[in-house]
Amino acid sequence: MVLGMSGCLIRWLPWRQSAVLVHMRLLSRDIGQPTAYTHPHLLKEEELLPGIHKSEFLERRRNLMREMATTQAGKTNKKHLVIVPGAPVQYMSGDVPYRFHQGTDLLYMTGFQEPDAVLLLESTGGLPEHKSILYVRPRDPHRELWDGPRAGPDGAAAFTGVTEAYNIDELGAHLEQKYSKMGFSVWYCTEEYVHPDHDDVIINSLTNSPHSHIDNVHTYTQLLHKLRLVKSPAELNLMRKAGQIAASAFRETMHSTRPDVMEYQLESVFEHHCKMKGAQTLSFPPVVAGGSRANCLHYITNNRELRAGDLVLFDAGCEYHGYVSDVTRTWPVSGQFTAGQRELYEAVLRVKQASIKASRPGVTLNQLNRSAANMISSELQALGLVPRNSSASELTQAINKLFPHHLGHFLGMDTHDTPTVDRDTVLSPGMVITIEPGVYVPRDWHVLTKTAKEMLGTGIRIEDDVVITESGCEVLNANCPQTVAEITELCGGLAKC
């Protein structure tokens with residue numbers, strides 16, 4: 001017996017029809033995250049993220065279990081329990097929260113965006129067969145008055161399509177009663193503790209029972225990162241959008257640059273434009289580094305004034321429904337490059353363009369990095385920053401000083417995505433990487449030419465997001481200005497910057 005859409009009691013419908021009505025009722029209320037009911041402009045029926053159908057999340061869970069089946073533990077043990085914790089709310093002070101951001105492993109596996117959730121995948125009948133169980137916060141009218149709607153177990157199950165859902169407060173008891181005594185192999189994120197409170201509950205419930213019988217504890221992280229590494233067409237569409245938004249925001253930010261503007265004011269231009277174009281947040285705190293501050297690779301203080309004659313290095317990106325961009329551009333505050341700045345900028349740009357051209361299936365990030373380092377070495381000698389008669393060891397020392405970071409990293413739901421994946425992994429279609437060569441010249445660097453003196457204290461990095469395709473690669477932020485002509489026309493053509 002359930003309530004119909006009009007509020008009338010329904011007694012006569014068969015069970016299956018009643019269940020459908022219950023499902024429809026649950027999905028026709030606000031559950032605290034976008035749904036096809038609350039955001040019909042954004043989501044179609046059965047989509048959990050824009051363009052990503054509920055069935056894709058089901059297949060992701062199944063693929064993880066398939067990967068587990070190929071391991072030694074998967075071949076020798078019959079019972080498996082995967083535990084994927086979500087993120088908690090973080091607080092800046094007292095009861096003032098930061099905006100919530102879901103742990104990306106849980107988001108990838110479920111599409112669920114509430115804090116304090118935990119996913120269990122239980123397999124007892126042979127991998128990859130399993131059932132999915134989601135533990136979530138209960139409905140609470142008082143807390144929802146303050147913090148907004150919650151899905152609750154019934155809403156979470158209806159929305160995500162998991163097999164079962166329960167109150168998060170039941171997690172510890174269920175683990176101890178059902179799993180700790182039954183000889184399960186447990187798979188957990190042992191490299192990183194996502195939710196300290198849940199970590200304690202999970203570990204204590206499984207190991208501290210006097211009758212505990214856990215065969216082994218394994219990490220699922222490398223298996224899951226292997227899956228996350230190759231993006232589906234729907235994921236790539238979201239990443240294209242994130243790249244397009246960032247490219248458009250960079251154009252606006254360049255156009256707004258002028259001397260005496262504060263770095264954080266320029267940051268606000270970028271963030272405003274990203275959000276007005278549909279991004280929910282930025283990928284990370286932006287680097288807005290004027291002048292020699294660009295030689296601090298992760299400078300995020302952004303509290304200095306931009307000065308005429310300096311360059312500004314701007315490293316930023318946005319997040320579009322769970323997927324991020326990461327783009328860097330460097331341009332003149334006054335709108336025009338000096339001769340030395342231009343020569344150094346075009347050298348870095350040549351390395352970036354050649355590296356993108358070399359990005360294709362069959363190569364690795366480390367191979368691309370070595371090629372970029374060799375190109376930068378030649379460029380530095382041509383610029384007068386390194387003597388042409390330098391020995392191999394002297395060249396290596398110079399490169400390590402002037403190009404101190406790797407050429408790129410994997411990109412996806414996280415800025416530094418899938419960190420357990422080695423950079424010697426052979427690139428294949430669907431993988432997304434960054435290409436970001438840079439040269440950072442200290443003020444006290446010994447230079448050989450008058451033009452090279454103009455490069456002292458200068459840091460230049462140019463970064464694009466690249467998806468590997470069957471025949472090569474595609475730049476996801478392709479409309480972002482990069483050539484000297486494009487930048488000076490946009491930013492300095494009217495002598496306004």
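The sulfur of Cys 480 lies 11 Å from the closest cysteine sulfur, that of Cys 274, which is too far for a bond. A disulfide requires two cysteine sulfur atoms within 2.5 Å. The structure holds zero disulfides. Cys 480 is buried, at 3% relative accessible area. Cys 189 also counts as buried, at 4%. Buried here means under 20% relative accessible area, with a 1.4 Å probe and protein chains only.

The model is predicted; local features need pLDDT of at least 70 and side-chain atom pairs pLDDT 80 or more, while totals for chains, interfaces and linings use all residues. Residues are numbered from 1 along each chain as its sequence is written, and side-chain values use heavy atoms, without hydrogens or water.

In soluble globular proteins, nonpolar side chains tend to be buried together. A nonpolar core is a set of buried Ala, Val, Leu, Ile, Met, Phe, Trp, Tyr and Cys residues joined through side-chain atoms within 4.5 Å. The largest such core has 125 residues, and Ile 83 and Leu 120 touch the most other members. Helix α10 (residues 233–255) gives the most to this core, with 11 residues.

Beyond its neighbours within four places in sequence, Leu 120 is in contact with residues including Leu 81, Ile 83, Lys 131 and Tyr 179. Contact means heavy atoms within 4.5 Å.

Notes
Buried means under 20% relative accessible area, exposed over 50%, partly exposed in between (1.4 Å probe, protein chains only). Helices (H or I, at least four residues) and strands (E, at least two) are DSSP runs, numbered from the N terminus.
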